[in-house]
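Please keep the model open while reading.

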Amino acid sequence: MYVFGGSNWSLHAFALVISLVCLTAVYEITLRIFNQRVALMSLILVTIQTIFIVQSSFLLPEVLITLLALLCFHYYTVNQFLLTSILLTMLFYSKESGMIAGAVLGAHAFISLFNKTGLLRIRISRILSTIVPFIAIAVFFVLQKQLRGWTLYPEHTNMIVTQWVLYFYDFKTKCMDTAFVMDQRHYYFVIMLIVSAIAAIKNKNYKYLFIFIQAIFTFYAVDDMRSGRMLPSIPFSIVFICSVIFMMYSLVQLKIIEDKRQIQFITLTISFI
């Protein structure tokens, strides 16, 4: 606002520029880590999402958070840790929820610290790239407490759900609905399942069918929500999380994806989501 002015045109133009940069990042990152076909499909899937189009016109930080998180995961995956640290700090300062990306990268860095096959310099750099942003945001919180009397924005902290039953309800009616139901999005996933089945039959390689296990739990949860039923919260949550872990484990063990960078990028992204 201080740079471009406070008019409606300048504010929405800035939001639109962030969205265009985000689309560019989606294509370039998936192109560099995967291939052109994956990059083009990813770009199309993101571009046609109603929620992305709507958020691109809002003066909210969600698209910026998506952009910064995506860049963090990319530069962390390609071992450019200085850029990772800078972008992660920017992400923390953009919104409190961005610290989830830092937690994901921090957990990965801590686990990889005990991996003796990697270079010690790389393992230490991973740790430092996540510690420095947390130190920076901690200093910011201390200053904010001194100046304003609160650490986290009260309007955001008041929205935090502390009861497990309510959290599980919000998870199904908001998160699952947005990801798998809204705008007939479940048809995208059905098409991908059909393509996986065709690839498995054509190549006579039935390891591609492992994705159906994860899909069963996901779509059962969606159907449960849409039909007005509510599964037992804690047991189903455990089963759902285990199914996600099994999916990520299968990606590695079944050697569906053999490139270590691709596996790491997918793992970080799924964990963040």
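Why does Cys72 count as buried? Its relative accessibility is 0%, so Cys72 counts as buried; buried means under 20% relative accessible area, exposed over 50%, and partly exposed in between (1.4 Å probe, protein chains only).

## Basis of the model

This is a predicted model: local features need pLDDT of at least 70, side-chain atom pairs count only at pLDDT 80 or more, and totals for chains, interfaces and linings use all residues. Residues are numbered from 1 along each chain as its sequence is written, and side-chain values use heavy atoms, leaving out hydrogens and water.

## Cysteines

The structure has zero disulfides (a disulfide is a pair of cysteine sulfur atoms within 2.5 Å). Cys22 is in none, and the nearest cysteine sulfur, that of Cys72, is 13 Å away. Cys72 is likewise in no disulfide. Cys22 is buried, at 2% relative accessibility.

## Helices H4 and H5

Helices (H or I, at least four residues) are DSSP runs, numbered from the N terminus. H4 spans residues 62-77 and H5 residues 81-94. Their axes come within 8 Å and cross at roughly 160°. Axes are lines fitted to C-alpha atoms over the stretch in contact, and angles run from 0 to 180 degrees between N-to-C directions. H4 and H5 are therefore roughly antiparallel; angles over 145 degrees count as such, under 35 as roughly parallel, 65 to 115 as roughly perpendicular and the rest as oblique.

The crossing of H4 and H5 is left-handed: the near helix is turned anticlockwise from the far one by less than a right angle, whereas clockwise is right-handed. The contact (heavy atoms within 4.5 Å) includes Leu68, Cys72 and Tyr76 of H4 and Phe81, Leu87 and Ser94 of H5. By class, it has 14 nonpolar, two polar and no charged residues. Ala, Val, Leu, Ile, Met, Phe, Trp, Tyr, Cys and Pro count as nonpolar, Asp, Glu, Lys and Arg as charged, and the others, Gly among them, as polar.

## Helices H1 and H2

The axes of H1 (residues 8-33) and H2 come within 7 Å and cross at roughly 155°. That makes H1 roughly antiparallel to H2. The crossing is right-handed. Among the residues that meet are Leu23 and Val26 in H1 and Leu40 and Leu43 in H2. This contact has nine nonpolar, four polar and no charged residues.

## Gln36

Gln36 lies in H2 (residues 36-47). Gln36 is exposed, with a relative accessible area of 53%. Beyond its neighbours within four places in sequence, Gln36 is in contact with Tyr27 and Leu31. Gln36 and Ser56 are 20 residues apart in sequence and 25 Å apart in space, C-alpha to C-alpha.

How values were computed: Helices (H or I, at least four residues) and strands (E, at least two) are DSSP runs, numbered from the N terminus.
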